[in-house]
Amino acid sequence: MKTTLTQFRSYDHSVQLLLANQFTINLGFYMLMPYLAQHLSGTLGLAGWLVGLVLGVRNFSQQGMFLVGGTLADRFGYKPLIVAGCVLRTVGFATLGLVDSVPALLIASAATGFAGALFNPAVRAYLAADAGERRVEAFALFNVFYQAGILLGPLVGMLLTGVDFRITCLVSAVIFALLSVVQIRSLPARRGADTNGGAGSGSGSGSREGVLAQWRGIVRNRAFLLFSTAMIGSYVLTFQVYLALPLEVRRLGGDGDFGTVAVALLFAVSGLTTILGQTRVTAWCKERLAPGQALSWGLLSMGLAFVPLLAATALPVPGGGAGRWLLAAVPPTLAALLLALGTMIAYPFEMDTIVRLAGDRLVATHYGLYNTICGVGITLGNLLTGVALDTAREAGMSALPWLALLLLGLGCSGALYGLHRAGRLTPVAPEAQPAVA
């Protein structure tokens with residue numbers, strides 16, 4: 001922790017503010033979102049399909065609009081989009097706590113999702129620009145603050161929701177309102193390089209390049225698209241902390257107090273491991289590994305996370321008692337630990353690689369498209385994981401989902417290593433590129 005705090009103090013005020021902002025953003029978000037479905041179905045009495053629709057609208061409005069948010073950030077600067085996203089989330093969360101009609105809930109849910117699409121690419125591009133040559137270390141710190149917000153948010157939300165979910169919504173809205181004010185007053189204005197690679201004042205020819213022309217240029221960046229596709233696996237695998245692992249805990253351990261505690265342990269292991277170990281892991285990897293190698297090793301660790309679960313399928317399931325509880329808790333907890341380790345290895349180099357593949361040009365737009373690609377991949381990956389889990393239960397093939405996830409990790413790790421060996425993750429410097437007539 002001392003190393004983390006020392007690194008935090010070593011950055012400029014703008015980077016420190018962005019890191020603190022991300023903690024606060026996740027605190028406000030995760031104190032509300034884990035309890036929204038229960039509020040919709042329980043307090044408001046909505047049908048299951050309507051609950052799914054409200055939550056799905058939020059996810060779609062965020063994942064589907066990342067590219068738009070990134071493009072706007074490159075056009076108008078990073079600060080306006082960060083502030084706009086926080087203001088919009090203030091309104092959205094307050095509305096979720098004050099309304100009970102389905103149309104109003106859908107609008108509020110869409111607003112909270114679009115808010116994320118506005119500030120997420122802008123925050124990452126701003127951090128990359130101001131951290132400069134220390135991008136990798138800055139993104140390691142970013143992940144620490146990110147995970148700290150995820151860890152603390154549900155605990156605060158549980159206390160507030162125990163009183164009234166509307167209070168949770170209003171407190172979260174207040175947090176985002178205060179965050180908006182702090183950023184308006186304290187966050188310096190920042191633009192990235194313009195579309196021609198110069199310092200982006202917005203007055204050069206780059207600012208006149210059409211949005212569609214910019215998007216076509218990014219889509220023609222084959223190395224970026226290959227990298228984005230290979231990295232989908234990392235998001236599908238890490239998401240299993242929220243999907244497959246809790247389901248496995250409850251399948252063996254039941255839905256009672258033990259299951260609740262064991263699922264909470266999964267999240268605690270993942271968050272605390274990152275908070276305590278991220279900066280050390282990043283420093284170790286940066287000394288010994290090229291970025292492409294670190295990415296490959298990170299994905300390999302994520303794939304191997306499912307080996308304990310795969311091995312556990314070969315053991316007889318005890319009828320009850322401590323033996324069954326151990327089988328329900330230990331393999332998923334080991335999986336969560338290895339997934340956290342893989343993320344710690346890969347994430348800082350992942351964020352840095354996007355900047356390098358973008359050529360330090362239209363960085364927010366690249367982040368936006370990257371998030372959209374990975375978001376679509378998560379949706380499809382979770383759908384297939386759900387199918388595998390159902391098939392495993394019906395056919396008595398308990399090893400099937402864990403084997404599939406292991407192979408996904410191995411395949412994506414191999415793909416990243418191949419891109420590294422082929423030099424596709426290290427773009428040629430502009431001055432070294434041949435002139436184009």
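## Basis of the values

The model is predicted, so local features require pLDDT of at least 70 and side-chain atom pairs count only at pLDDT 80 or more, whereas totals for chains, interfaces and linings use all residues. Residues are numbered from 1 along each chain as its sequence is written, and side-chain values use heavy atoms, with hydrogens and water left out.

Helices (H or I, at least four residues) and strands (E, at least two) are DSSP runs, numbered from the N terminus. Buried denotes under 20% relative accessible area, exposed over 50%, and partly exposed in between (1.4 Å probe, protein chains only).

## Nonpolar core

A nonpolar core is a set of buried Ala, Val, Leu, Ile, Met, Phe, Trp, Tyr and Cys residues joined through side-chain atoms within 4.5 Å. The largest one has 105 residues, and Phe 227, Leu 245, Phe 306 and Tyr 367 have the most contacts inside it. Helix α16 gives the most to this core, with 13 residues.

Contact means heavy atoms within 4.5 Å. Beyond its neighbours within four places in sequence, Phe 306 is in contact with Leu 237, Gln 240, Leu 245, Leu 339, Trp 402, Leu 405 and Leu 406.

## Helix α3

Leu 36, His 39 and Leu 40 are buried in helix α3 (residues 36-43). Viewed down the axis of α3, its buried residues fall within an arc of 95°, so they line one face of the helix; the arc is that of the directions from the helix axis to the C-beta atoms. Their cover includes α4 (48-63), α6 (78-98), α7 (102-131) and α9 (165-186). Gly 45, which follows α3, has a positive phi near 70°.

## Two threonines

Thr 71 belongs to helix α5 (residues 66-76) and is buried at 5% relative accessibility. Its side chain makes a polar contact with the side chain of Trp 215 (2.8 Å); such a contact is a pair of N or O atoms within 3.5 Å, where within protein one must be able to donate a hydrogen and the other to accept it, and residues adjacent in sequence count only if both atoms are side-chain atoms. A polar atom of the Thr 71 side chain also lies 2.8 Å from the backbone oxygen of Leu 67.

Thr 313 sits in the loop between α15 (307-312) and α16 (321-358) and is partly exposed, at 27% relative accessibility. Its side chain reaches the backbone oxygen of Leu 310 at 2.5 Å. Not counting residues up to four places away in sequence, Thr 313 touches Ser 398, Ala 399 and Trp 402.

## Cysteines

The whole structure contains zero disulfides, a disulfide being a pair of cysteine sulfur atoms within 2.5 Å. For Cys 86, the nearest cysteine sulfur, that of Cys 169, is 17 Å away. The sulfur of Cys 374 is 10 Å from the closest cysteine sulfur, in Cys 412, too far for a bond.

## Salt bridges

There are seven salt bridges, each a side-chain nitrogen of Lys or Arg within 4 Å of a carboxyl oxygen of Asp or Glu. Arg 135 and Asp 352 form one of them (2.7 Å, N to O). Arg 135 lies in helix α8 (residues 135-163) and Asp 352 in helix α16, so the pair ties together parts 217 residues apart in sequence. Arg 135, Asp 352 and Arg 356 are linked in a network of salt bridges.
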